[in-house]
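Student: I would like a close look at a single part of this model, taken slowly.

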Amino acid sequence: MKNFKYVFGPVPSRRMGLSIGISPIAEGHCNYSCIYCQLGRTRSMINKREEYFNCNEIIEEFKLYLKDNIDFDVVTIVGEGEPTLYSELGILIKELKLLTDKPVAVITNGALMSDDSVREDLKNADIVLPSLDACNDEMFRKINRPYGSIKFDEIVEGLKIFSKEYSGQLWIETMIIKDINDNKEFFINFKKLLSTINYHRLYINSPVRPPAEKFVEQPLKDSIREAISILGGISIDELASEGFYSEVEDDYEAILSIIKRHPMNQFEIKSFLDKRGTVNIEEILKELSNDNNIEMINYKDYYTYRLK
């Protein structure tokens, strides 16, 4: 079966079910370098919108992908960096929607919400999921480490404007990190900020996969419960997800195609291979461990694999 360049999955999404991913951004290109990023530190800090890949090529690949009649719940534009950096995002969303009756979602860090053209592009999506992890500029720079010219207040103002103009579903995501934004003072201030935005859901997340920085830790469960109580959000950690899928026939290459964009731990890999009827699972895990292109991280007493 064909190896796809832009389309991947479905991958399990605890918010949306089985998600077919669309990656329109060159690997590692982002305008944030978040301390909690599961893909590691950003390798190419950039804040200019470009057509990284030909939009028609992405659409043609998606058409080819659909021929396999794979079951999925949503199409998610997420990329290996920040998808709003893709200058043809609006056209891409419109074209995808012509090919499927499933919702088209965009997961974004929200950094370009101050840009009129970005907001206009995002209006075409059924669901937009921007991240918002701070309530002031100091905390924003500590957590998200943005491209130098990006300003927190401008992001928030853009998000407010978008929320009042957008007719789709706006789901805000916030990452709670131990000893940084896991306290009652933050939750109260963050609630005030959220009250100025017209959103439909708030998802509360925590760094369950190996983060970019070793000092990043999961908050205590009591902190998550307090966040839920004050903010009225939904804990992503408590949502169930379905298993991984890859259209790639070779087991080893299939794993690589997934961890390129979504790190997997040893149990997820074993479950994935078991569903495929693989008999040499331990051999594949050993091969992954010896692959110089793969980073194997001991995090929370189990191993997670991601591409370097």
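Student: Which residues lie nearest the centre of the second largest pocket, and how many residues line that pocket?

Tutor: This is a predicted model, in which local features need pLDDT of at least 70 and side-chain atom pairs count only at pLDDT 80 or more, while totals for chains, interfaces and linings use all residues. Residues are numbered from 1 along each chain as its sequence is written, and side-chain values use heavy atoms, with hydrogens and water left out.

The second largest pocket has a lining of 17 residues, and those nearest its centre are Pro211, Ala212, Glu295, Ile297 and Arg306. On a 1 Å grid over the protein atoms alone, a pocket is an open set of points with protein on both sides within 12 Å along at least five of seven lines, a cavity is a set of points where a 1.4 Å probe fits but cannot get out, and lining residues have an atom within 4 Å of a point. The space in this second largest pocket comes to about 280 Å³, where a volume is the space filled by probe spheres set on the points, and grid points are joined across faces, edges and corners.

Two or more residues of the lining of the second largest pocket come from strand 12 (294-299) and from strand 13 (302-307), and strand 12 gives the most, with 4 residues. Strands here are DSSP runs (E, at least two residues) and helices are DSSP runs (H or I, at least four residues), numbered from the N terminus.

The structure holds 1 cavity of 30 Å³ or more, and about 60 Å³ of space lies in the largest cavity. Its lining consists of Tyr32, Asn109, Ser131, Leu132, Asp133, Ala134, Phe140, Asn144, Phe152 and Ile155, with helix 4 (137-144) and helix 5 (152-165) as the elements that give two or more residues. The lining of the largest cavity divides into 6 nonpolar, 3 polar and 1 charged.

Terms used
Nonpolar A, V, L, I, M, F, W, Y, C, P; charged D, E, K, R; others polar.
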